[in-house]
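Here is a briefing on side-chain contacts.

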Amino acid sequence: MEFGLTSGKYIDSIVTDVCVATSKIALLNMHFCNHSSSDVFISLFAVKNGNSYSDSNIFIKLFKIYANDTFSFSNKEKFMLNPGDKIIAICSVPNVVNVVCSLMGMPVSDTLLFGLGEGVQLGTSSTPIYT
């Protein structure tokens with residue numbers, strides 16, 4: 001397995017692709033640095049290949065990053081991305097927050113099944129969590 005970092009990229013106020021998988025990868029963490037003297041808000045989406053960002057795949061909504069501060073998103077549960085899956089970001093102020101992601105390549109295996117599921121609203125017992 002290979003490890004790597006994405007090149008730093010600034011988040012626009014419109015949709016910015018933070019990480020696009022070209023092979024099977026695990027997204028280990030993301031670091032967001034606010035270079036502004038003002039607070040900003042970011043929203044993050046986990047988008048399955050062929051889908052668009054929407055409220056059904058948002059996982060962080062309007063998270064406040066204080067002026068000249070850094071937010072690190074590192075979770076015990078990792079995002080497993082298949083080719084074409086991506087993490088998308090939107091920021092309240094364009095080009096003041098940069099992001100760097102840490103990635104790990106995953107082995108290609110017919111027995112290893114993972115990836116982004118379809119987002120559903122919790123509390124609806126008739127709706128499957130993953131499809």
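Rings of Phe, Tyr and Trp (its six-membered ring) pair if their centres lie within 6.5 Å; planes under 30 degrees apart count as stacked, over 60 as edge-to-face and the rest as tilted. This is a predicted model, where local features need pLDDT of at least 70, side-chain atom pairs count only at pLDDT 80 or more, and totals for chains, interfaces and linings use all residues. Residues are numbered from 1 along each chain as its sequence is written, and side-chain values use heavy atoms, with hydrogens and water left out.

**Aromatic pairs**
- The whole structure holds six aromatic pairs.
- F45 and Y53 pair edge-to-face, at 5.1 Å centre to centre and 65° between the planes.
- F45 is buried at 5% relative accessible area, while Y53 is partly exposed at 38% (buried is under 20%, exposed over 50%, partly exposed in between; 1.4 Å probe, protein chains only).
- F59 and F73 form a tilted pair, 5.5 Å centre to centre with 55° between the planes.
- One aromatic cluster consists of F32, F63 and F71.

**Salt bridges**
- A whole-structure search finds two salt bridges (a side-chain nitrogen of Lys or Arg within 4 Å of a carboxyl oxygen of Asp or Glu).
- D17 bridges to K86, with the closest N and O atoms 3.9 Å apart.
- D17 is partly exposed at 28%, and K86 is partly exposed at 22%.
- D39 bridges to K64, with the closest N and O atoms 3.6 Å apart.
- D39 is partly exposed at 34%, and K64 is partly exposed at 33%.
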